Amino acid sequence: MVMFKKLLYNPQSVITAIIILTIIVLGILAPVIAPHDPTETNVAMKYASPSWEYPLGTDYLGRCTLSRLLHGIFPSVILVMLTVFCVIGIGTFIGIISAYYGGWLNEILMRICDILLSFPTEVMILAFVGIMGLGLTPMLIAIILLKWPWYAVVIRNAALKYKEKNYIYFSKASGMKGPAVILRHVLPMTLPDIILLASSNVSSTILLLSGFSFLGLGIQPPNPEWGNMLSEARNVILSHPTQMLPPGIAIMAVCLSFSLFGDAVRDAMDAKHISKGIFKSKGGYALGCVTGSVGFGRFGKNRRSLSDK
Amino acid sequence: MIEICNVTKYYKEPGLFSGKKKKVLDDVNLNLDDTENTVIIGESGSGKSTLGRLILGIEKPNSGTITLDGQSLLKPSVRQGKISAVFQDYTSSINPNISVYKAIKEPMIMMHRSFSEEEAEELLVKVGLDGSYLGRFPHELSGGQAQRVAIARALSTNPHYVLLDEAVSSLDVSIQVQILDLFLKLSEECNVNYLLITHDIQIACYLCSRLVIFNSGKVVEEIDRANVSCLKNEYSRNLLDSIITI
């Protein structure tokens with residue numbers, strides 16, 4: 001509840017959440033609200049300026065840019081979010097299991113990660129797409145298969161910080177079993193790291209997918225996708241530079257929103273940010289002297305030393 | 001009674017194929033009575049905290065057995081409600097994301113027992129706090145308050161034994177005395193025995209009637225507090241002599 005209250009009173013989280021939710025809703029409702037069929041061509045209207053009929057104009061085949069932009073949300077954002085959910089889910093499971101149980105299980109899982117991480121992701125995705133064929137599905141499967149080890153390693157390192165904490169020891173001593181300790185303590189403690197990773201990963205995966213579509217390896221025309229739209233607009237960048245704006249701004253807005261929302265959620269989940277007091281102190285330390293900071297508990301000795309760092 | 005029989009513990013060095021092992025406990029035999037407070041004392045790295053973790057069931061011994069009234073302490077059901085612990089680092093004793101009430105309630109959840117806020121408040125009063133602390137989070141507590149909450153949590157199941165692993169070492173000197181007095185008071189009120197792990201012989205003598213001196217993973221001497229001046233082992237005598245006098 002405290003976390004939700006903090007998110008609710010933080011303009012950064014509210015604005016970015018509204019943007020993300022709006023985009024998702026628009027993506028789901030695209031078949032209903034889009035003014036035109038995104039693949040319907042009208043050569044007589046190519047490169048039309050914004051009008052009531054075509055609110056964002058048309059492209060080189062006279063297709064409605066707004067309709068393509070709306071239909072492009074599903075592959076560009078919603079499918080990417082699902083992909084990232086899978087990647088983070090696998091990475092979290094492997095990373096936390098590896099950190100918590102340690103021993104040979106950790107060694108085996110981390111060596112598998114090392115092997116998979118030794119291949120450059122983009123090159124492996126290209127190889128995977130080469131074997132499986134062009135399209136969105138092979139690309140998303142390749143991203144899931146090749147990206148989870150990176151997250152497993154990062155989440156394992158985050159979870160390792162908490163493994164040796166006294167509250168974990170106490171839970172074990174109280175008879176709590178491994179899965180219960182993980183669900184009650186380790187997972188909630190690593191959640192801020194996971195959310196931060198997820199938010200930045202959504203952005204990077206959107207950019208990765210858009211990049212591959214831009215190169216013609218992702219979603220194939222005439223299906224709409226933001227990277228695809230950018231690629232098509234690139235051909236007329238000098239004659240019709242405004243063609244780049246709708247997909248470019250959309251990609252930038254979504255990536256920025258996810259990153260900023262992730263930052264806000266991470267801050268909200270960190271209990272230490274619920275601090276009430278404002279600490280002010282004066283005084284300095286002399287070189288060559290050992291200075292002691294003496295006082296009762298809650299007098300601020302530790303904060304003083306932290307503020308001096 | 002907790003019986004520790006021929007317990008040996010070693011740690012493997014990291015690496016899948018690493019065969020190197022470091023022995024931390026070497027054939028330890030010890031009986032911990034349920035009539036007196038016992039202290040395990042020794043210098044850093046002597047293996048006393050490892051022994052504490054084995055007693056709490058956090059780790060398993062490589063050989064030997066640790067039993068409570070004849071039953072292996074490795075079984076969670078044997079430990080539940082009978083043994084509890086208070087650790088040194090109060091900053092990590094309580095999960096920073098949960099409130100004091102939830103922290104105190106945690107051992108009861110494991111035992112599938114209900115635990116009301118009133119019961120939690122009673123425990124807090126026992127340890128010198130009050131009900132206003134129930135909704136607080138660990139970062140809103142001072143070191144002494146956090147340690148008192150940890151003590152309340154340890155006592156929530158009415159355990160027979162409470163393991164105090166350097167439980168006062170990181171507190172202010174004035175708070176140390178308050179907490180030690182609190183331990184003594186609770187020992188009588190709640191009929192609980194302490195197993196104190198420390199390297200501070202003054203704290204050891206203040207709280208416990210029996211001293212077990214540890215060195216390099218072995219018990220080198222066991223002695224009653226009354227006879228502390230008659231130590232036979234040279235290491236034990238050196239340890240006693242090393243008390244800093246201000």
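The crossing of helices H3(B) and H5(B) is right-handed, and this pair is the opening stop of the tour. The model in the viewer is predicted.

**Stop 1: two packed helices in chain B**

Select residues 100-110 of chain B for helix H3 and residues 143-155 for helix H5. Two packed helices are described by the angle between their axes and the distance between the axes. Here the angle is about 30° and the axes are 7 Å apart. Angles under 35 degrees count as roughly parallel, and H3(B) and H5(B) are therefore roughly parallel to each other. To see where H3(B) and H5(B) touch, display the side chains of Val100(B), Ala103(B), Ile104(B), Glu106(B) and Pro107(B) on H3(B), then those of Val149(B), Ala152(B) and Arg153(B) on H5(B).

**Stop 2: chain B as a whole**

Now select all of chain B and colour it by secondary structure. The C-alpha trace spans about 50 × 50 × 35 Å along its principal axes. A compact globule of 246 residues would have a radius of gyration near 18 Å, and chain B agrees with this because its own value is 18 Å. Buried residues account for 41% of the 246 residues. Among contacts in chain B with a separation of 6 or more, 66% are between residues 24 or more positions apart.

**Stop 3**

Strands of a sheet pair through backbone hydrogen bonds, either parallel or antiparallel. In chain B, find the open sheet with the strand order E6-E7-E8-E3-E9-E10, whose pairing is mixed. Its edges are strand E6 (83-86) and strand E10 (218-224), each of which pairs on one side only. From one strand to the next, the twist averages 20°.

Within this sheet, select residues 161-165 of chain B for strand E7 and residues 193-198 for strand E8; the two run parallel and are joined by five bridges. Which residue in E8(B) is the bridge partner of Val162(B)? The partner is Tyr194(B).

**Stop 3: the sheet of four strands**

Chain B also has an open sheet of four strands in the order E2-E1-E4-E5, with antiparallel pairing. Strand E2 (21-32) and strand E5 (71-72) form the edges, each pairing on one side only. Select residues 2-12 of chain B for strand E1 and residues 63-68 for strand E4, an antiparallel pair with five bridges. On E1(B), Cys5(B) stands opposite Thr65(B) of E4(B).

**Stop 4: two residues with positive phi**

Select Asn6(B), which lies in strand E1 of chain B. Asn6(B) has a positive phi of about 50°, although it is not a glycine.

Next select Asp69(B), in the loop between E4 and E5 of chain B. Asp69(B) likewise is not a glycine and has a positive phi of about 50°. With 11 other C-beta atoms within 10 Å, Asp69(B) is exposed.

**Stop 5: chain A**

Finally, select chain A. How many helices and strands does chain A have? There are 13 helices and zero strands. Read along the sequence, the pattern is α-α-α-α-α-α-α-α-α-α-α-α-α. Chain A has 309 residues, of which 39% count as buried. Among its contacts between residues at least 6 apart in sequence, 67% join residues at least 24 apart.

Definitions and conventions
Residues numbered from 1 in each chain as written. Chains lettered and ligands numbered in written order. Predicted model: local features only at pLDDT ≥ 70, side-chain atom pairs only at ≥ 80, totals over all residues. Rg over C-alpha atoms; globule rule 2.2 N^0.38 Å. Buried ≥ 20, exposed ≤ 12 C-beta atoms within 10 Å, placed from the backbone. Contact = placed C-beta atoms within 7 Å. Pairing = 2+ DSSP bridges. Axes fitted to C-alpha atoms, helices over the stretch in contact; angles between N-to-C directions. Parallel < 35°, antiparallel > 145°, perpendicular 65-115°, else oblique. Left-handed = near helix turned anticlockwise from the far one by under 90°.
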